[in-house]
Amino acid sequence: MSEALVLGGGGVAGIAWITGLLAGLAEAGRDVSGAGLLVGTSAGATVAAQLGSGMGLEELYARQAEPGRQNAELMAELDLEDFGRQMAAAMPDAATPGELRRAVGGFALTAATVPEPQRRAVIEARLPSHEWPARAVKLLAVDAETGEPRVFERASGVSLVDAVAASCAVPGIWPPVTIEGRRYVDGGVRSGVNADYANGASRVLLIVPMGQTDLFPVEKSLPDTIAALRASGAEVAVLEPDEAALTAIGTNPLDPATRTPAAAGGRAQGRTTRIDWA
């Protein structure tokens with residue numbers, strides 16, 4: 001049986017919650033971290049790269065939960081309602097998903113952010129290894145000019161740090177990432193999860209820190225994508241934060257202070273979570 005682990009976006013809080021959830025699942029005898037395919041978007045791209053590094057879940061969890069082990073992060077404010085209004089204002093005339101992605105990319109290219117090297121240094125510090133994992137890893141980003149999605153993987157010949165940084169480049173918050181002369185923004189501009197890139201796996205587990213509602217207009221909703229995966233013969237399960245974890249994550253998923261409570265909330269949830277395959 002081929003298994004895929006699909007990890008969605010959710011800021012530094014999402015990274016911590018996913019890591020805690022995986023650690024809690026493993027503690028309860030339901031370790032899913034060894035899936036043969038990892039598909040990561042934004043926060044999920046970070047976790048996919050961390051899992052692929054070979055570092056154990058307990059060590060990865062400690063790097064999120066223990067303040068003395070946490071890497072330095074940049075503080076950013078993200079009010080989801082205000083962010084939604086900004087995105088709507090950036091694409092008033094866009095009609096198709098491709099036009100919408102190009103409009104968001106254009107907004108990102110002109111936004112005032114920290115310098116690209118400063119943001120890249122944060123991503124470097126997040127990753128235990130800067131080498132691509134031996135197993136299959138797909139990290140999603142979007143070309144800011146064309147609006148076309150791009151899948152970064154080992155065969156792409158692109159630095160793992162750059163690929164993760166591109167997938168995590170939230171429009172208007174972090175700078176688009178330059179790779180091979182192109183500028184890339186967050187893979188969440190296409191889909192918060194990009195679960196269709198797990199097509200072909202016989203079992204697919206989706207972990208979605210932001211829930212099943214996309215922040216951007218998408219070509220196919222997550223429920224429709226899940227239905228398509230199931231129609232292809234795959235068993236699919238979805239895990240999202242429970243009420244206690246949502247409280248721990250708080251209202252600003254980009255606040256580094258959320259890491260400790262979000263990791264603990266994820267671990268507590270993982271210990272008691274049953275994975276329902278359908």
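Tutor: Start with Ser42, in the loop between β2 (37–41) and α2 (43–52). Helices (H or I, at least four residues) and strands (E, at least two) are DSSP runs, numbered from the N terminus. This is a predicted model: local features need pLDDT of at least 70, side-chain atom pairs count only at pLDDT 80 or more, and totals for chains, interfaces and linings use all residues. Residues are numbered from 1 along each chain as its sequence is written, and side-chain values use heavy atoms, leaving out hydrogens and water.

Student: Why does Ser42 count as buried?

Tutor: Because its relative accessibility is 8%. Buried means under 20% relative accessible area, exposed over 50%, partly exposed in between (1.4 Å probe, protein chains only).

Student: Which residues is Ser42 in contact with, leaving aside neighbours within four places in sequence?

Tutor: Gly9, Ser167, Cys168 and Asp186. Contact means heavy atoms within 4.5 Å.

Student: What volume has the largest pocket?

Tutor: Rolling a probe the size of a water molecule over the atoms shows where empty space is left. On a 1 Å grid over the protein atoms alone, a pocket is an open set of points with protein on both sides within 12 Å along at least five of seven lines; lining residues have an atom within 4 Å of a point. Points join across faces, edges and corners, and a volume is the space filled by probe spheres set on them. Here the largest pocket has about 690 Å³. Of its 50 lining residues, the closest to the centre are Thr41, Gly188, Ser191, Gly192 and Val193.

Student: Which helix gives the most to that lining?

Tutor: α8, with four residues.

Terms used
1 Å grid on protein atoms, 1.4 Å probe; cavity = no way out; pocket = protein on both sides within 12 Å on 5 of 7 lines; lining within 4 Å.
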